[in-house]
Amino acid sequence: MLKKMGEAVARVARKVNETVESGSDTLELRLEGNFLHRLPSEVSALQHLKAIDLSRNQFQDFPEPLTALPALETINLEENEIVDVPVEKLAAMPALRSINLRFNPLNAEVRVIAPPLIKFDMLMSPEGARAPLP
């Protein structure tokens with residue numbers, strides 16, 4: 001398991017570094033299914049990033065560096081272990097249009113507070129729903 005995690009982290013670091021070093025106006029970063037539990041610090045340099053896919057990872061905390069990316073429109077965090085979400089920070093993101101939090105054990109407070117505060121699509125599974133088996 002640790003070897004698998006180490007390989008995944010190395011792959012993610014390479015992908016993020018390539019993206020940052022190329023200086024391109026990256027529109028999308030796909031890091032799904034990589035056993036991630038936190039983001040590499042280099043992600044904060046991706047100021048033109050429009051979409052990030054972090055689904056099927058192991059995030060227990062919402063990756064807050066995402067809230068500092070001004071061009072980010074779409075966040076996919078489906079099938080993680082996230083309980084709490086910084087709703088106020090997300091609501092202040094100027095370009096955010098959609099966040100997918102399906103199949104996360106979100107607390108009841110997020111489910112109640114989020115809908116009136118946000119102006120974007122926030123996808124959530126019914127409380128207690130489980131991800132489909134692969």
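Colleague: What do the buried residues of α3 pack against?

Modeller: They pack against α2 and β5 (121–123). Buried means under 20% relative accessible area and exposed over 50%, with partly exposed in between (1.4 Å probe, protein chains only). Contact means heavy atoms within 4.5 Å. Helices (H or I, at least four residues) and strands (E, at least two) are DSSP runs, numbered from the N terminus.

Colleague: Is this predicted or what, and which cut-offs apply?

Modeller: This is a predicted model; local features need pLDDT of at least 70, side-chain atom pairs count only at pLDDT 80 or more, and totals for chains, interfaces and linings use all residues. Residues are numbered from 1 along each chain as its sequence is written, and side-chain values use heavy atoms, leaving out hydrogens and water.

Colleague: Back to α3. Which of its residues are buried?

Modeller: Val110, Arg111 and Ala114. Seen down the axis of α3, they fall within an arc of 95 degrees, so they line one face of the helix. The arc is that of the directions from the helix axis to the C-beta atoms.

Colleague: And which are exposed on the other side?

Modeller: Glu109, Val112 and Pro116.

Colleague: What does Met122 touch?

Modeller: Val85, Ile99, Leu101, Val110 and Ala114, not counting residues up to four places away in sequence.

Colleague: New topic. How many helices and strands are in the chain?

Modeller: The protein chain has 3 helices and 5 strands. Their pattern along the sequence is α-β-β-β-α-β-α-β.

Colleague: How much of the chain is buried?

Modeller: Buried residues are 40% of the 134 in the protein chain.
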